[in-house]
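Hi everyone, thanks for making time.

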Amino acid sequence: MATIAITNRAQHQHKMSAGYAERLKEYPNKGKCGLPENYDTSRSLSSKISTLAQLMNQSCYTVVLTGAGISTSAGIPDFRGPNGIWTREQQRLMKVKKKKRKRVEDNDSNDDQSEQPQQNDNEQQQSSKGSSSSPSFVTAQPTLTHRALAHLITNNTPHPNRNNKNQYYLQHLITQNIDGLHGKTTSLPRNQLSILHGDIFTEKCPTCHKEYIRNYEISTIGLQPTGRYCTLGGDPPGSCTGALIDTLLDWEDALPEVDWERSQVECAKAELILCLGTSLRIEPAGGLCTLGTGLGYVDAGAAEWDLDCGGYLDVATTKKKKSKKKKRQQLPPKKLGYVIVNLQETPYDDGATLVIRAKVDDVMERLMSKLGYGSDWDGNDDDRVDEHEQGKDGKNDDDDED
């Protein structure tokens, strides 16, 4: 098993670094923003949660894909919601363009034009004030959804109608979030968590692949050097002195190879995929849900997997040198599809087995009860994070590279 490295930086002064979104390069194609949020009726929601619980009990292999919507109750804004980061950005840009157009049409005086920069500065200050009112990533804590997912992936099912009492409800969790809240649920193993867009608390050694999880935000973005060096990796341990880099992806950066490949394999194995709080508008991550129907694609060369429960799933293993062709996966005997829990519509709604319009925390709280967990499931302090820094390998033994 990969060694867990512990680091400490007790004297580090927590300073709010520039917002993650502000660090990203300019990118025009951010998808639809500001779509209206819709809520299921009380009766419809109760029925849908019962259906979701039935699907969870039928599935022998369930994977979860999470997005920014599961962190909003922790005070971290989403991107495309009515008050999302990209939504506000688009609204601000439209407002500025409208004012410029009006100024040209009205042939404003030079005095009016000279006042315009100050007006724009005031708008930017108001915008920055709105973002600074949000808690920092450091102080944000896991939501009920984060804690519930960690509990389901590490605790055996208590449901009397479950066929296999020794099986866990969840087998793998994939996140597009960079807020590190999944990592703050200390019971969640790293090899059961795939992080696709990076983690604001994690820096990594590209030489030995050891990850260092800090209790302060990493200030760089785009896989850039952080100014620190590897002290725990290598063979023997401690012999590597590679320059650490951040793990936060900018728009043009490729997904992390290990986590991305593992995500595809896990979704291909899944009988059921839950999409929680994600607009499914960022590709290729959004398309992972289609693997829950057996109609999606996986990269050629993915390992062959079999399922002891529910049949077999054979993924194409033919791999030609320098070939990047994608092979269609064979349908297993049992596929339950994917479920979407999101207040806004997504591009994948039509193909979903079930679409729930409700806040994710509300759904997960009621789902836990339906699955047979008592009201005290969330009272275990072992599932809560402490304030210490941690360092981990980003891979399990099977993921090791030469």
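This is a predicted model: local features need pLDDT of at least 70, side-chain atom pairs count only at pLDDT 80 or more; totals for chains, interfaces and linings use all residues.

A quick check on helix 2 itself. With 17 residues at 1.5 Å a residue, helix 2 should span 24 Å, and its end C-alpha atoms are 25 Å apart, so the two agree.

The axes of helix 2 and helix 7 come within 9 Å and cross at roughly 55 degrees. Angles from 65 to 115 degrees would count as roughly perpendicular and those under 35 as roughly parallel, so this pair is called oblique. The crossing is right-handed, by the way. If you want to find the contact on screen, look for L45, S46, I49, S50, L52 and A53 on the helix 2 side, and V363, R366, L367 and K370 on the helix 7 side.

Next, helix 5, residues 144-154. How many of its eleven residues are buried? Ten of them are, so helix 5 is largely enclosed by the rest of the structure. The buried ones are L144, T145, H146, R147, A148, L149, A150, H151, L152 and I153. And what covers them? The cover includes helix 2 (42-58), strand 1 (62-66), strand 2 (172-175), strand 8 (272-276) and helix 7 (360-370).

The largest has 37 residues, and the members touching the most other members are L52, M56, L152, L276 and M364. Helix 2, helix 5, strand 3 (193-195), strand 8, strand 13, strand 14 and helix 7 each give this core at least two residues. There's also a second, separate core of 20 residues, with Y61, V63, A270 and Y338 among them.

Let me zoom in on L276. If we skip the neighbours within four places in sequence, L276 is in contact with V64, L65, T66, G67, I70, T145, L149, V341, V360 and M364.

Now for some details in the loops. Stay with the loop between strand 8 and strand 9 (297-299), where you'll find L280. L280 isn't a glycine, yet its phi is positive, near 55 degrees. Is L280 buried or exposed? Its relative accessibility is 1%, so it counts as buried. P284 lies in that loop between strand 8 and strand 9 too, and the peptide bond leading from E283 to P284 is cis, with omega near 10 degrees.

There's another cis bond, from D235 to P236, with omega near 5 degrees. P236 is in the loop between strand 6 and strand 7. L232 also belongs to the loop joining strand 6 (225-229) and strand 7 (243-246), and at 30% relative accessibility it counts as partly exposed. Across 22 residues of chain, the C-alpha atoms of L232 and K210 are 7.9 Å from each other.

Last one: H209, in the loop between strand 4 (202-204) and strand 5 (210-213). H209 has a positive phi of about 70 degrees without being a glycine. Relative accessibility there is 18%, and the cut-off for buried is under 20%, so H209 counts as buried.

How values were computed:
Residues are numbered from 1 along each chain as its sequence is written. Side-chain values use heavy atoms; hydrogens and water are left out. Buried means under 20% relative accessible area, exposed over 50%, partly exposed in between (1.4 Å probe, protein chains only). Helices (H or I, at least four residues) and strands (E, at least two) are DSSP runs, numbered from the N terminus. Contact means heavy atoms within 4.5 Å. The expected span of a helix is 1.5 Å times one less than its number of residues. A nonpolar core is a set of buried Ala, Val, Leu, Ile, Met, Phe, Trp, Tyr and Cys residues joined through side-chain atoms within 4.5 Å. Axes are lines fitted to C-alpha atoms, for helices over the stretch in contact, and angles run from 0 to 180 degrees between N-to-C directions. Angles under 35 degrees count as roughly parallel, over 145 as roughly antiparallel, 65 to 115 as roughly perpendicular and the rest as oblique. A crossing is left-handed if the near helix is turned anticlockwise from the far one by less than a right angle, and right-handed if clockwise.
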